[in-house]
Amino acid sequence: MAVCIAVIAKENYPLYIRSTPTENELKFHYMVHTSLDVVDEKISAMGKALVDQRELYLGLLYPTEDYKVYGYVTNSKVKFVMVVDSSNTALRDNEIRSMFRKLHNSYTDVMCNPFYNPGDRIQSSPGGPYFLCPIQSRWALLPVSDPVQVGPTPVSDPVQVSPTPCVRSSPGPLITW
Amino acid sequence: MADTVLFEFLHTEMVAELWAHDPDPGSGVSAGSRGEEVGATTGQKMSLSVLESMGFRVGQALGERLPRETLAFREELDVLKFLCKDLWVAVFQKQMDSLRTNHQGTYVLQDNSFPLLLPMASGLQYLEEAPKFLAFTCGLLRGALCTLGIESVVTASVAALPVCKFQVLIPKS
């Protein structure tokens, strides 16, 4: 089960970060930040290699004693970073890949949303459409047919132009890199 | 089969609607016929840039959605080839007819029967009306390039309908 998910823009600033254990958000923010170096390393290594196969899925970036960090980069150089609990050994590689694929699909839907300006933070409010199903509900194991709705503002209130504040369960520090 | 014409009709209406606001001078009204001319040209430029920015946003979304399953692009030429093949097929159901480059950052994409100009005329008729029908597509190309990480300037030129050329200039950094 994923404990933290981050969507990082091309210029390496976060578009969306969400983590489950609400008391240690800062630790996950730092973890995601440090994993960006590994991501950049992998991307440049891919560019120099003469292998024809250039994959979007980067695989395991680095393991710590409690967590494993996985990475994925899209064609538009938007990076997805996922932190997974190490104790859950049942998660196989292709499950992680399918999680990233769903994340990529959701991100593409956000891009196609006319109310979203590319480059803005992705807002996801609990009352309306979700960018992702909450991490608590073990969304990795949800069937593929489960609808993942997207949208920066609640559908029920189209007049509301000011975006709802970013969902953060604890009033921790807001990190902008 | 009806899908292709839906976009063409929508595009025609878009151009007609945005162009209709032309007679209002945008800012700074000067008296006299010369003033009217100036107002008209500024209004035309505004309409063109509005159309282009609409195409830009659509291009950004398309640039995210279309290359989803394809592997990462290795170099600029791959991105241009993707534009000529996948993007053009997705939007206009045909591939671009020719792609030329000078390898210095200038690419010329030529379409010998551009679907948005095809119903208008064949030859030199309506030549001066053609540019406004190309603004949206220029923005589309620029938006797709921007999502794929390339800043560019896209212009279009028409010598004789329906042949048109899109020139993509990628400044060297």
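Predicted model: local features only at pLDDT ≥ 70, side-chain atom pairs only at ≥ 80, totals over all residues.
Chain B contains four helices and four strands. Along the sequence these elements follow the pattern α-α-α-β-β-α-β-β. Of the 173 residues in chain B, 42% are buried. Among contacts in chain B with a separation of 6 or more, 63% are between residues 24 or more positions apart. The accessible surface of chain B amounts to about 9,300 Å², and carbon and sulfur atoms account for 58% of this surface.

The four strands of chain B form an open sheet in the order 1-2-4-3, with antiparallel pairing. Strand 1 (98-101) and strand 3 (153-160) of chain B are the edge strands, each pairing on one side only. On average, neighbouring strands of the sheet are turned by 20 degrees against each other, direction ignored. Four bridges connect strand 1 of chain B with strand 2 of chain B in the antiparallel sense. Within strand 2 of chain B, B:L109 is the residue opposite B:L99.

Two helices of chain B lie across strands of this sheet. Helix 3 of chain B lies across strand 1, strand 2 and strand 4 of chain B, and runs at about 15 degrees to strand 2 of chain B. Helix 4 of chain B lies across strand 3 and strand 4 of chain B; relative to strand 3 of chain B, helix 4 runs at about 145 degrees.

In soluble globular proteins, nonpolar side chains tend to be buried together. The largest nonpolar core in the model comprises 39 residues. Within this core, B:L83, B:L109, B:F114 and B:F166 touch the most other members. At least two core residues each are supplied by helix 1 (3-20), helix 2 (32-65), helix 3 (76-92), strand 2 (106-111), helix 4 (131-147) and strand 4 (163-169) of chain B. Another core, of 23 residues, lies apart from this one and includes A:A2, A:Y16, A:M99 and A:L103.

With neighbours within four places in sequence left aside, B:F166 is in contact with B:W88, B:Y107, B:V108, B:L109, B:F114, B:L134, B:T137, B:C138, B:L141, B:T155 and B:A156. B:L109 and B:F114, both among these contacts, are also listed with B:F166 among the core residues that touch the most other members.

In chain B, the peptide bond joining B:L161 and B:P162 is cis, with omega of about -10 degrees.

Positive phi values occur at two residues other than glycine. For A:N12, phi is near 70 degrees. For B:Q93, phi is about 60 degrees. The relative accessible area of B:Q93 is 45%, so B:Q93 is classed as partly exposed.

Technical notes: Residues numbered from 1 in each chain as written. Chains lettered and ligands numbered in written order. Heavy atoms only, no water. Core = buried A, V, L, I, M, F, W, Y, C linked by side-chain atoms within 4.5 Å. Buried < 20%, exposed > 50% of the residue type's maximum accessible area, 1.4 Å probe, protein only. Contact = heavy atoms within 4.5 Å. Pairing = 2+ DSSP bridges. Axes fitted to C-alpha atoms, helices over the stretch in contact; angles between N-to-C directions. Areas by Shrake-Rupley, 256 points an atom, 1.4 Å probe, with all protein chains shown as cover.
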